[in-house]
Amino acid sequence: MSSLLYRFGRMTALHPWRTLVGWLIVAACVIAAASTFGGSTQDDWNVPGAESQHGIELLRDHLPDSGNASANVVVHDDRVVPASVLTALGERLQDVAHVSSVSPARISDDGRTAVVHLAYDVEVTHPDLMGDIEPLDQAVEATRDAGYQVELGGDQPSTASAPIKGYGELIGVGAAVLILLIAFGSAVAAGLPVLVAVSGLAIGSAGVTILAATMDVSTSAPMVASMVGLGVGIDYALLLVSRHSEFLAQGHAVEEAAGRSLATAGKSVVFASLTVLISLLGLGLAGLPTFSTFGWSTAIAVVAVMLTALTLVPVLCRFAGRKVLSRGLRRGRVPTERPLTARWAAHVTRRPLLWALVGTTVMIALAAPVLDMRTWPQDDGNQTTEATTRRAHDLTADAFGPGANGPISVVVDHSKVDASEVASVRETLAGHDELVSVSPAMASPDGAVSVLTVEPAFGSADARTSGLVEDLRADLPDGVEVTGRTPLFADIADMLSERLWVVIGFVVAVSVLLLMLVFRSVVIPLKAAAMNLLSIGAAYGVMTAVFQWGWGAGLLGIDHAAPVSSWVPILIFAILFGLSMDYEVFLLSRIRESWLDTGDATGSVVHGLAASGKVITAAAAIMVVVFLGFATEGDLVVKMLGVGMATAVFLDATIVRMILVPATMTLLGKWNWWLPAWLDRALPQVDVEGGEPVLARTR
């Protein structure tokens, strides 16, 4: 691979205009294909294998009004809400597209709050409904104009209550330029990685659009793909530009520097992207169609920015010439002082055991709260008060009790349970201490099912909810399904908690094998996996402390504690394990290169950290800012993703890469590179940077 990348880098630098035109043609073709054949994002919220899914399917087949999308319109006033106002509102709501029925208003005891329930004739993921509450806003406008408070709740409004504003990408791009300018002292070197990453992301976004024509791609998948694609795109381009600058500073011609940078750092980029892809494809083991689309979409973005970096960095470096170097280097001033990272590495390697203990203690302390982590997919009551769904949730809870926001449907399948037993089912439900109300049974028009609606004594995100769902299923006979949004979320929380370990096992095992192949070591891959798991565990702990315990939640605009979203841990793991391996490959490549040249175990650690420390620190700083940008979004789940990933990257680039890696590698010495002879013979020979056979011939 070294010789191939060397020739490709040198060729693109020798023929920059041809390469650029070729890249533009490919980009234009991909974008044109996306415009012509691309599809639209479409969520699939079905959960194959979940117990509640069977009940939902029964409702869709026999009582569509109960099994499809729904919404609640909450009307509140300081005085009693007149019946005439509710009647007129109901008539307008009946005219909303896809509304199949409007239930009579449920009025609170004091008459000041009323809830009008709507049922749709399509699923909530239908393109006409998903993310669009404008038809409902228009229908309730007259009631609002009359002076009444009208808020929208339920599953349909929840899809649009906190739209993504896109600040994350804008903040990330701006911060990237500033951080790189400070780190490298060259406007060209600062702007080039950002330009390459954005260019690659444009192709990646077009690729996601094409993917949407072949499968249902979640509406959130492009956001996740952009977040990761932008970060790794800047990382990859930055690594290549940094290595190119090193070769230029050593006196090589621009074309030669381009070839050498791809033969060395380019191979690191290829293998780093492979680790990210392995982690992302592990999302397919989560068992949810939504996560599979996250994996495929983000993988497309990663491949696009990786190929763009390998193609455009040599071209743009050829155009920039020596301007990628800082002004001092261009004027011939050679730094005489050792880099800060070299001095720090030397400091750590002098007392490796002490620093290893300090770093491990800090990480374990940060990870400790994860032992108390509780997960729940999402709840309107945990959103920002700026969202209409949060206000609807609070009004409903105040007027009717917290359980009114999380009703549970009990479906009696008459192919298994005789209609005469419905009364017994209702009696069982009425005797349950954690239920405050049980509705009369409603039979479907075809008599195939009967449905009862119950309300718990607590909200759906309460810690007791999962236990309640389990108890109801245990108490009721076979053929009676406990379903609805709340039981579905309980099933999802349980499923993802179990599947998380499957995903972790797959991703760690495959990544360890890949690193073993690349670095010819048993110890290095196992140590890398352990440290990456430690940084992710610390991120989980910080999320638990911030969101579930409420420590500092007010700084994020969160007014009360909430469980960690079930969507977040598995998604964060898949993304962050790959990103952490990125930095691991970048650092270990330079350490191994020095080890092969000198055989000095401690000196190679110092040299590798000195050579890659600035790049890794700058790349991580950009990632942290990008992810914190997403923490400014209104949606709580997006906030959790932003905080969790920013925390993990920060800890990985500081405590792990700057303390634990040099300390443990110093302690292990030559055993870092131990590989049994039989395994060495069995593994194919693949070298990331060490040896550089192609470069040796050109020296």
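A residue counts as buried when its relative accessible area is under 20%, as exposed when that area is over 50%, and as partly exposed in between (1.4 Å probe, protein chains only). The model is predicted, so local features need pLDDT of at least 70 and side-chain atom pairs count only at pLDDT 80 or more, while totals for chains, interfaces and linings use all residues. Residues are numbered from 1 along each chain as its sequence is written, and side-chain values use heavy atoms, with hydrogens and water left out.

View 1. The side chains of Glu593 and Arg590 form a salt bridge, 3.5 Å from N to O. A salt bridge is a side-chain nitrogen of Lys or Arg within 4 Å of a carboxyl oxygen of Asp or Glu; by this rule the count comes to 23. Glu593 and Arg590 are both buried. Both lie in helix H21 (residues 567-598), three residues apart, which is about one turn of the helix. Helices (H or I, at least four residues) are DSSP runs, numbered from the N terminus. Arg590 and Glu593 also belong to a network of salt bridges that links them with Arg243 and Glu246.

**View 2. Arg473 and Glu51.** A salt bridge joins Arg473 to Glu51, with the closest N and O atoms 3.7 Å apart. This pair links distant parts of the chain: Arg473 is in helix H18 (residues 465-475) and Glu51 in helix H3 (residues 51-62), 422 residues apart. Glu51 is partly exposed, at a relative accessible area of 48%.

**View 3. Arg318 and Glu255.** Arg318 and Glu255 meet through their side chains in a salt bridge (3.5 Å, N to O). Arg318 belongs to helix H12 (residues 289-320) and Glu255 to helix H11, so the pair ties together parts that are 63 residues apart in sequence. Arg318 is partly exposed, with a relative accessible area of 29%, whereas Glu255 is buried, with 18%.

**View 4. Helix H1 against helix H11.** Helix H1 (residues 2-14) packs on helix H11 (residues 254-281) at an angle of about 145°, and their axes are 7 Å apart. Axes are lines fitted to C-alpha atoms, for helices over the stretch in contact, and angles run from 0 to 180 degrees between N-to-C directions. Residues of H1 including Leu5, Tyr6 and Phe8 meet residues of H11, among them Glu255, Leu262 and Lys267; contact means heavy atoms within 4.5 Å.

Notes. Helices (H or I, at least four residues) and strands (E, at least two) are DSSP runs, numbered from the N terminus.
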